[in-house]
Amino acid sequence: MARVFVTRQVPGRAIERLQEAGHEPDIWPGELPPGSALSDGLAGAAAALTMVVDRIAPDLLAANPGLRIVANMAVGYDNIDPAAAADLGVWVTNTPGVLAETTADHAFALLMAAARHIALSDRDTRAGGWRTWSPTAFLGNDIHGATLGIVGLGEIGAAMARRATGFGMRLLHTSRTPKPDLERDLGIERVPLDDLLARADFVSLHTPLTPETRGLIGAPELARMKPTAILVNTARGLVVDQDALIAALREGRIGGAALDVTDPEPLPLDNPLYSFPNVVITPHIASASHATRARMAEMAAENIIAVLAGREPLNPVNRPAAPRA
Ligand code: DGY
């Protein structure tokens, strides 16, 4: 019976699947504080089912020679160094293909919330602000007919574009490679980033966090955006230079921001981002629908089951030359 450290409670049948395969899931019952709880949990484990916020540094893998796989319950895996893990013989897996639509739902919801002051007006109404009706209260930006700039036309970016077509939005994208078929089907124009930033009413980020995308949206990029434009980030907090974003918001140089990801996460309560009425913040929940989170957990469990049975995982993001046995 192999012990599988699961760093949080997870939905769906993932735990049952691990038990059915003869393993012993050891589930951390609450919020996992950084540091010792993670290293204590990994001690003696053959596999770990982890979340995007669990930093799995190479020294943790080296300190736990029995650990054969880290199955991240996310499509992103910037919390792990897959190459270093491969050198140590540890498989790293992710959950591709199951969360794009749900994440795009949330990105579009954030876009709408920021454009039409949904969160702000809800807070104001609950606080007794609805004393009269004013034709100038909570004026927002139109979504229909506006231009959406998508940075990263991968699975999630394309799903975002499909939603935008229903609102009659004009579509631009910036991606490393042209995608002529998709561009034709979606009616989306590929343009350089500077051009996209200058033309878009909404800029939505859909890139993974890599050395190339870290700080992709910094002060010069924010300066190119229209003063009314809204930045939507459901990618990773570090894709945006957060200090530059705070400065742009403080000086009214952009229209607002809608953020599902920040740096750090959780975002401390004294962070200036909370002080702007034109900023909407959600706690990294873009993939958080019942069905999608269950599928993600189950995929992570299936990857673990495969590796512990001596097979290759279904969704590897690295390839150890000498996998630990
Ligand atoms: C992912 O899968 O990378 C998301 O950010 C987690 O919800």
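Colleague: Which residue forms a salt bridge with D78, and how far apart are the closest N and O atoms?

Modeller: Side chains of opposite charge can pair when their charged atoms come close. A salt bridge is counted when a side-chain nitrogen of Lys or Arg lies within 4 Å of a carboxyl oxygen of Asp or Glu, and here D78 pairs with R236, the closest N and O atoms being 2.8 Å apart. This is a predicted model, in which local features need pLDDT of at least 70 and side-chain atom pairs count only at pLDDT 80 or more, while totals for chains, interfaces and linings use all residues. Residues are numbered from 1 along each chain as its sequence is written, and side-chain values use heavy atoms, with hydrogens and water left out.

Colleague: How many salt bridges lie across the interface of domain 1 and domain 2, and what is the area buried between them?

Modeller: The size of an interface is often given as the accessible area lost when the parts come together. Domain 1 (3–97 + 289–308) and domain 2 (100–281), whose bounds come from an automatic or database domain assignment, bury about 510 Å² between them, a value taken with a 1.4 Å probe and summed over both parts. Across this interface the rule finds 1 salt bridge.

Colleague: Where do D122 and R126 lie?

Modeller: Both lie in helix α6 (residues 118–126), 4 residues apart, about one turn of the helix, where helices are DSSP runs (H or I) of at least four residues, numbered from the N terminus.

Key
Buried area is the accessible area (1.4 Å probe) that two parts lose on being put together, summed over both. Helices (H or I, at least four residues) and strands (E, at least two) are DSSP runs, numbered from the N terminus.
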